[in-house]
Amino acid sequence: MTPMNGYDAYAKNRILTASPAELTLMLYEGAIKFCNIAIVACENKDIEKAHINIRKTDRIIEEFEITLDEKYPVAKDFHAVYSYLRSCLRHAMIDKDPETLQEVLKHLRTMRDTWKDVMKLTANGKKLDGQQAG
């Protein structure tokens with residue numbers, strides 16, 4: 001086993017000490033990163049790299065989808081969006097079409113930006129009166 005370098009240790013510590021809201025933001029950031037990599041790979045005809053990064057994007061969205069709390073009515077709306085994005089990713093997996101991935105990327109960025117706004121309004125996942133949001 002090789003020792004962790006400084007960045008790996010920092011990244012692991014950042015994940016272990018993050019709030020649920022921060023972890024969600026990290027997942028959005030990761031999905032955006034992998035989708036961007038897949039777009040460039042498709043444009044460069046690097047099929048394997050595109051495939052790997054489309055799958056990484058899909059796995060993150062799948063995680064969002066399976067962790068939806070169905071007791072909230074908005075979960076249905078999120079489920080529909082996640083299903084749409086995953087459908088787009090399946091098409092991109094087959095066609096390696098950067099335009100389809102751009103569509104996914106646009107939605108991921110919007111969702112990430114909205115999540116950042118929610119975090120600001122709720123003081124990083126806590127109600128402004130100091131109680132846990134839920």
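The axes of helix H4 (residues 74-95) and helix H5 (residues 98-121) come within 9 Å and cross at roughly 150 degrees. This makes H4 roughly antiparallel to H5, a label given to angles over 145 degrees. Axes here are lines fitted to C-alpha atoms over the stretch in contact, with angles from 0 to 180 degrees between N-to-C directions. The crossing of H4 and H5 is left-handed, that is, the near helix is turned anticlockwise from the far one by less than a right angle.

The model is predicted: local features need pLDDT of at least 70, side-chain atom pairs count only at pLDDT 80 or more, and totals for chains, interfaces and linings use all residues. Residues are numbered from 1 along each chain as its sequence is written, and side-chain values use heavy atoms, without hydrogens and water.

| Helix | Residues in contact |
|---|---|
| H4 | Phe78, Val81, Tyr82, Tyr84, Leu85, Cys88, Leu89, Ala92 |
| H5 | Thr100, Leu101, Glu103, Val104, His107, Leu108, Met111 |

By class, this contact of H4 with H5 has twelve nonpolar, two polar and one charged residues.

The protein chain as a whole has five helices and zero strands, where helices are DSSP runs (H or I) of at least four residues and strands (E) of at least two. Of its 134 residues, 32% are buried, meaning under 20% relative accessible area with a 1.4 Å probe. The accessible surface of the protein chain is about 8900 Å², and 57% of that belongs to carbon and sulfur atoms. Among contacts in the protein chain with a separation of 6 or more, 60% are between residues 24 or more positions apart.

Key
Angles under 35 degrees count as roughly parallel, over 145 as roughly antiparallel, 65 to 115 as roughly perpendicular and the rest as oblique. Contact means heavy atoms within 4.5 Å. Ala, Val, Leu, Ile, Met, Phe, Trp, Tyr, Cys and Pro count as nonpolar, Asp, Glu, Lys and Arg as charged, and the others, Gly among them, as polar. Buried means under 20% relative accessible area, exposed over 50%, partly exposed in between (1.4 Å probe, protein chains only). Accessible areas come from the Shrake-Rupley method with a 1.4 Å probe; for residues, only the protein chains shown count as cover.
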